[in-house]
Amino acid sequence: MIRNPIDVASRVSPRLSALLGSWVDNPECEQPVTLMAVRRFLADLLPDDFKEAERLHHFDVDISILDELDALIEEFGGSSLAVDFVQVSASESLSRAIESVVGDENRENPPTLDTVRDALLAGLGARLVGDGVLEDDEDDTLLPEIDALIEHFGADTLAETLLRYE
């Protein structure tokens, strides 16, 4: 299957993104999860009388998850991988590390995920723990997390776009 070249996850509601993420992360799924598989699952959960009433009298002002899925399926196809529609951001501790690299005054270009990875390999995590920015145990998760983000988005992705603000 061909992955979508645009960031379609930015067009998905947080509720649908969370639902798709739970399906993608389900270890019992043997096949890659598609939008149509999630759509069928959701539709099967609804009682038949509710499905008919929803179809005939859709008065919801707020778009339902099924409506949102239908729109995505219409635009991107039912065989599109659900993982492409899951919103991903850095954890709070990785966001602090990214902010540290972004705030480096000696840097000429905005840092990429690969730049942040290099900084972590050079001891950035330990320095942030020493400065009290991170807890001792948070340092251990930074490298696997940045590697996963690089695998998902690519090494040249601007790190700042994945910051989590809470």
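Helices here are DSSP runs of H or I, at least four residues long, numbered from the N terminus. The model is predicted.

**Helix 4**

Helix 4 covers residues 65–76. G77 follows helix 4 and has a positive phi, near 95 degrees. The length of the helix can be checked. At 1.5 Å a residue, its 12 residues should span 16 Å, and the end C-alpha atoms are 16 Å apart, so the two values agree.

Which residues of helix 4 are buried? They are L66, E68, L69, L72, I73 and F76. These residues cover an arc of only 160 degrees around the axis, which means that they sit on the same side of helix 4. Their cover includes helix 1 (14–24) and helix 2 (35–45).

**Helix 1 against helix 2**

Helices 1 and 2 also meet each other. Their axes come within 11 Å and cross at roughly 105 degrees. Angles of 65 to 115 degrees count as roughly perpendicular, and helix 1 and helix 2 are therefore roughly perpendicular to each other. Helix 1 brings L19, L20 and W23 to the contact, while helix 2 brings L35, A37, V38, F41 and L42. By class, the residues of this contact are 8 nonpolar, no polar and no charged.

**Helix 6**

Helix 6 runs over residues 113–121, and its buried residues are L113, V116, A119 and L120. Viewed down the axis, they fall within an arc of 120 degrees, so they line one face of the helix. What do the buried residues of helix 6 pack against? Their partners are helix 5 (92–102), helix 7 (124–130) and helix 8 (139–153). Just after helix 6 comes G123, with a positive phi of about 105 degrees.

**V101**

V101 lies in helix 5. Is V101 buried or exposed? Its relative accessibility is 5%, and buried means under 20%, so V101 counts as buried. Leaving out residues up to four places away in sequence, V101 touches R107, P111, T115, V116, A119 and L124. T115 is 14 residues from V101 along the chain, and their C-alpha atoms are separated by 8.3 Å.

Definitions and conventions:
Residues are numbered from 1 along each chain as its sequence is written. This is a predicted model: local features need pLDDT of at least 70, side-chain atom pairs count only at pLDDT 80 or more; totals for chains, interfaces and linings use all residues. Side-chain values use heavy atoms; hydrogens and water are left out. Helices (H or I, at least four residues) and strands (E, at least two) are DSSP runs, numbered from the N terminus. The expected span of a helix is 1.5 Å times one less than its number of residues. Buried means under 20% relative accessible area, exposed over 50%, partly exposed in between (1.4 Å probe, protein chains only). The arc is that of the directions from the helix axis to the C-beta atoms. Contact means heavy atoms within 4.5 Å. Axes are lines fitted to C-alpha atoms, for helices over the stretch in contact, and angles run from 0 to 180 degrees between N-to-C directions. Angles under 35 degrees count as roughly parallel, over 145 as roughly antiparallel, 65 to 115 as roughly perpendicular and the rest as oblique. Ala, Val, Leu, Ile, Met, Phe, Trp, Tyr, Cys and Pro count as nonpolar, Asp, Glu, Lys and Arg as charged, and the others, Gly among them, as polar.
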